[in-house]
Amino acid sequence: MESILSNYIRAVMSRATYTAAADGSTYGEIPGFEKVSARADTLEQCRHDLVESLEEWIFSRVTRQLPVPIIDGIQLPTKEMM
């Protein structure tokens, strides 16, 4: 059984955009998720790093009880919801 968090991350990552940089690296970001970005030598590594950046962003928001956007109908539980 997949967790809500896994489903949320997958939904958010489906919105990621990637750009090839002049130096051959790949830059990735997720529109609407400020400061969630990554740059790596390969697209695969960029995706991996972008997931890590997103996970850190989610952890930071949840621990400070800040809102996390609802994506594709998926809402992460907060302390207030429990």
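Trainee: At what angle do helix H1 and helix H2 pack, and how far apart are their axes?

Mentor: Two packed helices are described by the angle between their axes and the distance between the axes. In this predicted model, helix H1 covers residues 4–13, and its packing against H2 is given by an angle of about 125°, with the axes 11 Å apart.

Trainee: Is H1 then parallel, antiparallel, perpendicular or oblique to H2?

Mentor: Angles of 65 to 115 degrees count as roughly perpendicular and those over 145 as roughly antiparallel. The angle between H1 and H2 is about 125°, so H1 is described, relative to H2, as oblique.

Trainee: Is the crossing of H1 and H2 left-handed or right-handed, and which residues of H2 make the contact?

Mentor: Where H1 passes H2, the crossing is right-handed. On the side of H1, the contact is made by Leu5, Tyr8, Ile9, Val12 and Met13. These meet a set of residues from H2, namely Arg47, Leu50, Val51, Leu54, Glu55 and Ile58.

Trainee: What pattern does the protein follow along the sequence?

Mentor: The protein holds two helices and three strands. Read along the sequence, these elements follow the pattern α-β-β-β-α.

Trainee: In what order do the strands form the sheet, and which are the edge strands?

Mentor: The three strands form an open sheet with antiparallel pairing, in the order E1-E2-E3. Each edge strand pairs on one side only, and these strands are E1 (17–20) and E3 (37–40).

Trainee: Over how many bridges do E1 and E2 pair, and which residue is the bridge partner of Thr17?

Mentor: Strand E2 spans residues 26–29, and its antiparallel pairing with E1 runs over four bridges. Within this pairing, Thr19 stands opposite Tyr27 in E2, while the bridge partner of Thr17 in E2 is Glu29.

Trainee: Which residue takes a positive phi in the hairpin of E1 and E2?

Mentor: The hairpin of E1 and E2 has five residues between the strands. A positive phi near 95° is taken there by Gly24.

Trainee: Which strands does H2 touch, and what angle does its direction make with that of E3?

Mentor: Helix H2, which runs over residues 43–63, packs on the sheet and touches E1, E2 and E3. Its direction, compared with that of E3, makes an angle of about 150°.

Trainee: Which residue lies over the face of Tyr18?

Mentor: A charge sits over a ring only if, among other conditions, it is within 6 Å of the ring centre. At 5.5 Å from the ring centre of Tyr18, the residue lying over its face is Arg47.

Definitions and conventions:
Residues are numbered from 1 along each chain as its sequence is written. This is a predicted model: local features need pLDDT of at least 70, side-chain atom pairs count only at pLDDT 80 or more; totals for chains, interfaces and linings use all residues. Side-chain values use heavy atoms; hydrogens and water are left out. Two strands pair if DSSP finds at least two bridges between them. Contact means heavy atoms within 4.5 Å. Axes are lines fitted to C-alpha atoms, for helices over the stretch in contact, and angles run from 0 to 180 degrees between N-to-C directions. A charge sits over a ring if NZ of Lys or CZ of Arg is within 6 Å of the ring centre and within 35 degrees of the ring normal. Angles under 35 degrees count as roughly parallel, over 145 as roughly antiparallel, 65 to 115 as roughly perpendicular and the rest as oblique. A crossing is left-handed if the near helix is turned anticlockwise from the far one by less than a right angle, and right-handed if clockwise.
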